[in-house]
Amino acid sequence: MSTALRIASYTYEHTLALFDGRVGIDGVDATFETAPLVSDIFRDMIEGRYDVAELGLTYFLRTFDPDDPRYLALPILPNRNFRHSAVFVNSAAGIRTPQDLAGRTIGEFALYGHDPGVWMKGILAEEYGVTPEQCRWVVGGTNHPIPAFDWLPQPVPAGVDVRRAPEGATLGAMLETGEIDALISVDVPRSVLEGSSATARLFPDYDVVERDYFRRTGIFPPMHIVAIRAEVAQNADVVRAVYRAFCEAKDLTARRYLDEAAKQHMGVMTPWFSKLFADNRSLFGDDWWPYGVKANRKAVDTFLRYHYEQGLSERLLTCADIFVPELLTV
């Protein structure tokens, strides 16, 4: 007898095979859903709509009670990105180095401690000596006003100055006019996309900086995991089947890129993509987007440590605390 599950994820290229039926889940009658905004999936999962769903790491942790967790995590990381590229500055603010952020007013997308924000605050503190309490923080939407994400807890540690952007204001416009000095955002400000001289990236050569970061740390920063309701996680067969299916869907995409290298990726519109692919493969190896605890332990434990150090978790968690026990050895 099949187990019926409602499952939600963004339709990344490496999850698409789950949606179009090329990959099934053994023993599971799965209904897959998605949304135009991945944060809508987060909200619906937290409000109880799904059995299994993609969640941003900080969103997952804000609902995680170590004594009685509502969800556990599967070691499936559908969204990961280097985030030096997520830091933007007002060009007239005199910010030339990361250390120049100390004492400044910095915008942050959506909430204090969104996933890129946790990563970059941790990196800024660890590598450049700039800690969150040295700055003032303004939370809001980057290119469009957004309401507060009041469907999940909003912890702000004591000693950190955090306020919401004025009603109707956007952080991108505030950055361009100098109302804020810098911005950490998953969304790129419109002024940067349009080439305005009023705004810039803190790390103009962010790809070089991010590749160096990976060489030094071995971390390809995960942003999201796949969460499963705690009661569903008690079924070991279901847990293993869901994990295998997500792995198979991801591996199908990876094999396509490998196979198309022989034809110089003629099906891809991006010029010089084959050179980029070869460079990335040289840096990351053949499994450049790994799932599983073993391959991601350092990266996830680093995020968990940053989350705790930034006052967003009550205690320091590790992979052993958050992942389904059945999959801790994969």
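Guide: Helices here are DSSP runs of H or I, at least four residues, numbered from the N terminus. Arg62, for instance, lies in helix H3 (residues 57-62). This is a predicted model, where local features need pLDDT of at least 70, side-chain atom pairs count only at pLDDT 80 or more, and totals for chains, interfaces and linings use all residues. Residues are numbered from 1 along each chain as its sequence is written, and side-chain values use heavy atoms, leaving out hydrogens and water.

Visitor: Is Arg62 buried or exposed?

Guide: Buried means under 20% relative accessible area, exposed over 50%, and partly exposed in between, with a 1.4 Å probe and protein chains only. Arg62 comes out at 7%, so we call it buried.

Visitor: What does Arg62 touch?

Guide: Contact means heavy atoms within 4.5 Å. Skipping residues up to four places away in sequence, Arg62 has contacts including Leu111, Tyr112, Pro153 and Leu312.

Visitor: Which residues touch the most other members of the largest nonpolar core?

Guide: A nonpolar core is a set of buried Ala, Val, Leu, Ile, Met, Phe, Trp, Tyr and Cys residues joined through side-chain atoms within 4.5 Å. Among the 100 residues of the largest one, those touching the most other members are Leu55, Tyr59, Phe60, Leu74, Ile228 and Ile322. Helix H8 (residues 236-260) supplies the largest share, eleven residues.

Terms used: Helix = DSSP H or I, 4+ residues; strand = E, 2+ residues; numbered from the N terminus.
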